[in-house]
Amino acid sequence: VQILQEPQFRAVCMEPSVNRIYVDGDLITSVSLEKELQQWKKECTGRSLFLVLPYIIRNREEAYLEYLKSQVLSQKIWDGIMIRNLEGLYWAHEIGWKKKRGGSLQADACLYAWNRRSRVFLKEMGVTSTVPLECNREDLRQLEIHGMEMIVYGRIPLMITANCVQKTCLSCQKERLPRDRWQKDGWLWLRDRYGTEFPVRTVCG
């Protein structure tokens, strides 16, 4: 189960059938959640915690990546890292995740694994693949998905962009609010001409 908000973590902790929790990297900046993660890890032996890297990794986020590095290498609670792009794979190898900690690497569904050659490449890099979201029954049969993870429930991103929807449609909070009032993780809603609403998650660095 992947969580994006702190209350979700508390909810899944109460479900004994959950044996792995994917924690969004932006959440571990919360001191209260960090304590809960450590407590959960002590109480729930045999269950694992994975840190989820961002969809988009850029050089200007070096301070954020250094913080994640210090967390995953110093905190013994992490069993693995979920990567969403090849930059994340490079980062994990660059910090010595598998050499220093021997931890697991799990690919998100958006990291290409449509054919055997891509799966072999990821496997050679020490990465477990996730079944692509677009696969139908015949695709699954040909791909031989044994050993892969599969997403079976939840919302999937329609689009991921480095451009800010909030700034484009409304205004930039960085320009109108003091830094201590920035909302790092927020939600907006877009409505199309048919009246269908789409949630937009904003991650403000």
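The legends below describe close-up views of a predicted model.

View 1. Six strands make up an open sheet in the order β1-β2-β3-β4-β5-β6, and their pairing is parallel. Strands β1 (2-3) and β6 (127-128) stand at the edges with a single partner strand each, so one side of each of them is left without a neighbour in the sheet. Within this order, strand β2 (residues 20-24) pairs with β3 in the parallel sense over five bridges, while three bridges join strand β3 (residues 48-52) to β4, again in a parallel run.

**View 2. Strand β4 between its two partners.** In strand β4 (residues 80-83), Gly80 and Met82 point one way whereas Ile81 and Ile83 point the other way, and all of these residues are buried. Towards strand β5 (residues 104-107), β4 is joined by four bridges in a parallel run, and here isoleucine 83 stands opposite alanine 107 of β5.

View 3. A search of the whole structure finds one aromatic pair. The ring centres of tyrosine 22 and phenylalanine 50 are 5.3 Å apart and the ring planes are at 65°, so the pair is edge-to-face, the cut-off for that class being over 60 degrees.

**View 4. A charge over a ring.** Arginine 84 places its charged end over the ring of tyrosine 55, at 3.7 Å from the ring centre.

View 5. Five salt bridges are found in the structure, and in one of them aspartate 24 is joined to arginine 201, with the closest N and O atoms 3.3 Å apart. This pair links distant parts of the chain, since aspartate 24 lies in strand β2 and arginine 201 in strand β8, 177 residues apart. Aspartate 24 has 4% relative accessibility and therefore counts as buried, whereas arginine 201, at 24% relative accessibility, counts as partly exposed. Within the sheet, aspartate 24 also stands opposite valine 52 in β3.

View 6. Arginine 141 and glutamate 138 meet through their side chains in a salt bridge, with a distance of 2.4 Å from N to O. Because the two residues are three apart in helix α7 (residues 137-143), about one helical turn separates arginine 141 from glutamate 138. Arginine 141 counts as exposed at 55% relative accessibility, while glutamate 138 counts as partly exposed at 38%.

View 7. Glutamate 197 forms a salt bridge with arginine 191, in which the closest N and O atoms are 2.6 Å apart. Glutamate 197 is partly exposed, with 39% relative accessibility, and arginine 191 is exposed, with a relative accessible area of 59%. Phenylalanine 198 is located in strand β8 (residues 197-203) and, at 34% relative accessibility, counts as partly exposed. Together with Leu158, Met159 and Leu190, Phe198 forms a nonpolar patch on the surface, and these residues have about 460 Å² of accessible area together.

Notes: Residues are numbered from 1 along each chain as its sequence is written. This is a predicted model: local features need pLDDT of at least 70, side-chain atom pairs count only at pLDDT 80 or more; totals for chains, interfaces and linings use all residues. Side-chain values use heavy atoms; hydrogens and water are left out. Patches are made of residues with over 30% relative accessible area and no salt bridge: like charges are joined within 9 Å, nonpolar side chains (Val, Leu, Ile, Met, Phe, Trp, Tyr) within 5 Å. Accessible areas come from the Shrake-Rupley method with a 1.4 Å probe; for residues, only the protein chains shown count as cover. A salt bridge is a side-chain nitrogen of Lys or Arg within 4 Å of a carboxyl oxygen of Asp or Glu. Buried means under 20% relative accessible area, exposed over 50%, partly exposed in between (1.4 Å probe, protein chains only). Two strands pair if DSSP finds at least two bridges between them. Rings of Phe, Tyr and Trp (its six-membered ring) pair if their centres lie within 6.5 Å; planes under 30 degrees apart count as stacked, over 60 as edge-to-face and the rest as tilted. A charge sits over a ring if NZ of Lys or CZ of Arg is within 6 Å of the ring centre and within 35 degrees of the ring normal.
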